Amino acid sequence: MNKILVTGGAGFIGANFVRHLLEHSDCTVTILDKLTYAGNKESLAGLPASRVKLVVGDIIDTELVDRLVAAHDTVVHFAAESHNDNSLREPTAFVRTNVVGTFELLEAVRKHGTRFHHISTDEVYGDLELEDSQRFTETTPYQPSSPYSATKASSDLLVRAWVRSFGINATLSNCSNNYGPYQHVEKFIPRQITNVLTGVRPKLYGSGTNVRDWIHVHDHSSAVQRILEAGEPGRTYLIGADGERNNLEVLRQILELMGRPRDEFDWISDRPGHDLRYAIDATPLRQELGWKPEFQDFSSGLERTIHWYATHRQWWEASKEITETQYAQQEQLVEGVKSS
Ligand code: NAD
Ligand code: DAU
């Protein structure tokens, strides 16, 4: 694992992963990133030019992908359109990047015999009931709900087919909701933090009872590194850190940590098709590969994340305005689904 190509390395998880790799290995990294609205060169600021190179380009560019894959011994594929709300508004880019882009990478790794790791999401499994002890496992049937999760499920199935039919050396991971530094302000946690920081009322969809299984992005990075080191070819690993919380609880915790009244937010009409609950059973990753999360104290993780956004305003201020203008076109206030 000396020369690693990281697609989507200027995005939230990709940039955190590149930082993690540089700190925990002696590899060199090439990042292939289109720098869409979600990619930010500033997320790579301060990284050593001797070990990291950014190539601005598209994963659907066959020739570019072929050339870059040929020059590396491992590909870690993060690049994607990643936001559910955008996929409901305009799904085209999701099919193009998530499905066709993954296909282009698979063809290149097949040709050059390159090790491939595909980053995916727990959303491919659909959702679970709220009052239920069930969690997602490697064998849970695929049942994606949104255009985003359907395109991620499609990309997973392509990877599995390339493993089975062509014997490519690939692993997959499906992770739950990440939070931490460098996350785009369209996503739930940074949106609410930056709302408070800019004097805007936070926004909660539907009843606020939807559950997400939160994991700190640093734990996602260490899990992916462990899979690269010891993962079994062809296997899927689920990544999660037992962090189930409903959205209302998370929002109240942010408000409390930021010294605001617990009810100082707006109830918003629900996201169409809104998944109820995600929950990951990461037993195989823990028991077979010996991975364990290190950032499970959600309150201190949130506190550090709030501090990061408060001290990196120049990183997010320009996107904040654009993001909120878009949200304002689609969101409707609703009468309080009264809080308990
Ligand atoms: P992000 O939206 O923050 O970053 C995506 C990156 O991909 C951006 O830098 C963007 O410029 C780049 N990109 C988009 N289209 C591209 C293209 N055609 N060619 C090259 N680069 C392109 O996303 P994220 O939250 O960091 O998610 C990264 C990966 O992790 C995605 O595959 C996502 O499905 C998966 N994932 C995310 C989460 C989460 O909680 N955010 C959880 C599980 C899995
Ligand atoms: O589960 C993994 C997935 O987590 C990843 O695959 C996706 O890339 C990532 O975006 C995330 O998807 P979600 O749809 O769960 O994340 P989001 O941050 O958009 O929303 C989290 C929850 O918060 C969800 O139940 C919707 C709700 N929400 C979101 C926003 C933006 C609100 O209540 N208010 C908001 O303003």
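Figure 1. Helices (H or I, at least four residues) and strands (E, at least two) are DSSP runs, numbered from the N terminus. The model is predicted, so local features need pLDDT of at least 70 and side-chain atom pairs count only at pLDDT 80 or more, whereas totals for chains, interfaces and linings use all residues. Residues are numbered from 1 along each chain as its sequence is written, chains are lettered from A and ligands numbered from 1 in the order in which they are written, and side-chain values use heavy atoms, with hydrogens and water left out.

Figure 2. Ala, Val, Leu, Ile, Met, Phe, Trp, Tyr, Cys and Pro count as nonpolar, Asp, Glu, Lys and Arg as charged, and the others, Gly among them, as polar. A polar contact is a pair of N or O atoms within 3.5 Å; within protein, one must be able to donate a hydrogen and the other to accept it, and residues adjacent in sequence count only if both atoms are side-chain atoms. A polar backbone atom of Phe-78 is 2.9 Å from an oxygen atom of the ligand, and an N or O atom in the side chain of Tyr-148 is 2.6 Å from an oxygen atom of the ligand. Taken alone, ligand 1 exposes 840 Å², and the protein buries 97% of that. Accessible areas come from the Shrake-Rupley method with a 1.4 Å probe; for residues, only the protein chains shown count as cover.

**Figure 3. Residues and polar contacts around ligand 2.** Thr-121, Asp-122, Tyr-148, Arg-271 and His-274 come nearest among the 25 residues around ligand 2. The shell has 7 nonpolar, 10 polar and 8 charged residues. An oxygen atom of ligand 2 lies 2.7 Å from a polar side-chain atom of Asn-177. An N or O atom in the side chain of Arg-212 is 2.8 Å from an oxygen atom of ligand 2, and a polar backbone atom of Lys-203 is 2.9 Å from a nitrogen atom of the ligand. Ligand 2 taken alone exposes 690 Å², of which the protein buries 95%. At least two residues of the shell are supplied by each of α6 (188-197) and β8 (203-205).

**Figure 4. Helix α6 and its packing.** Of the 10 residues of α6, 9 are buried, so the helix is largely enclosed by the rest of the structure. Buried means under 20% relative accessible area, exposed over 50%, and partly exposed in between (1.4 Å probe, protein chains only). The buried residues are Phe-188, Ile-189, Pro-190, Arg-191, Gln-192, Ile-193, Thr-194, Asn-195 and Val-196. They pack against β7 (178-179), β8, α8 (247-257), α10 (298-311) and α11 (313-330), where contact means heavy atoms within 4.5 Å.

**Figure 5. Tyr-125 in the loop between β5 and α5.** Tyr-125 is buried, with a relative accessible area of 2%. Leaving aside neighbours within four places in sequence, Tyr-125 is in contact with Phe-136, Thr-137, Glu-138, Thr-140, Pro-141, Tyr-142, Gln-143, Asn-174, Thr-236 and Leu-238. The C-alpha atoms of Tyr-125 and Glu-138 are 9.6 Å apart in space, and the two residues are 13 apart in sequence.

**Figure 6. Arg-235 in the loop between α7 (217-230) and β11 (236-239).** Arg-235 is buried, with a relative accessible area of 15%. Not counting residues up to four places away in sequence, Arg-235 touches Glu-138, Ala-170, Thr-171, Leu-172, Pro-284 and Glu-288.

Terms used. A residue is near a molecule or strand if one of its heavy atoms lies within 4 Å of it.
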